[in-house]
Amino acid sequence: MQEPKPSVLFICVSNAGKSQMAEALMRKRVGDAASIHSAGTKPKGEVNQESAESVERAGATMEGALSQPIDDHLLRTVDRVIILGNDAQVEPLHDMLATIERWDTVEPSEQGIDGDKRMDMIRDDIAQRVDELARELGL
C-alpha cells in the first residue's frame, strides 16, 4: 500500500505574495511528492506580479495560481499549516491535525530595499525555509 503524501497549507493575508511564493517554491522543490496549497485570510483575488516574477527568476512558477480564502476542510486535514509573516491571524480549529506554525519572513523594505531586490530577498528567505520543510517531511 502506498504511503499518503504529506500535505502543507501556506497562509498569508492576501494569498497574493508570500504564501503563493511558498507554494510555488515547494512545488519546484518536491514536485507532486506532497499535496501543497496556499490561501489567504483576506485574499485579493489575484497574485502579486512582482512575486510571480521573482519566483520565475528562481525557476519556479505561479502560473495558474489563484488567490483564495482558507478552506476549513483543508485547514482541518493538512499535515502542516504555515503562516508567512506577522499579519495573518488564523484561529486553530478544534479538530485540526496540524498545529499552526509561523515563518517570520524577512521584510527588506524596513531597511529601505525595494523592487526586484526586495522580492528576491523575500523569495530566498522563503526558499530556504521550504528546503528545511521538505527535509523535515522526508522529501
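This is a predicted model: local features need pLDDT of at least 70, side-chain atom pairs count only at pLDDT 80 or more; totals for chains, interfaces and linings use all residues.
User: Which residues of α2 are buried?

Analyst: To call a residue buried, we ask for under 20% relative accessible area. In helix α2, which spans residues 49–57, Ser51, Ala52, Ser54 and Val55 are the buried ones. Now look down the axis of α2: these buried residues fall within an arc of 160°, so they line one face of the helix.

User: What covers the buried residues of α2?

Analyst: The cover includes two other helices, α1 (18–30) and α4 (115–136).

User: How many aromatic pairs does the structure hold?

Analyst: There is one. To read such a pair, check the ring centres and then the angle of the planes; between 30 and 60 degrees, the pair counts as tilted. Here the rings belong to phenylalanine 10 and tryptophan 103, with centres 5.7 Å apart and planes at 55°, so this pair is tilted.

User: Where in the chain do the two partners sit?

Analyst: In distant parts, 93 residues apart: phenylalanine 10 belongs to strand β1 (residues 7–12) and tryptophan 103 to strand β4 (residues 100–103).

User: Are these two residues buried or exposed?

Analyst: Phenylalanine 10 is buried, with a relative accessible area of 0%. Tryptophan 103 is buried too, at 9%.

Terms used. Residues are numbered from 1 along each chain as its sequence is written. Side-chain values use heavy atoms; hydrogens and water are left out. Buried means under 20% relative accessible area, exposed over 50%, partly exposed in between (1.4 Å probe, protein chains only). Helices (H or I, at least four residues) and strands (E, at least two) are DSSP runs, numbered from the N terminus. The arc is that of the directions from the helix axis to the C-beta atoms. Contact means heavy atoms within 4.5 Å. Rings of Phe, Tyr and Trp (its six-membered ring) pair if their centres lie within 6.5 Å; planes under 30 degrees apart count as stacked, over 60 as edge-to-face and the rest as tilted.
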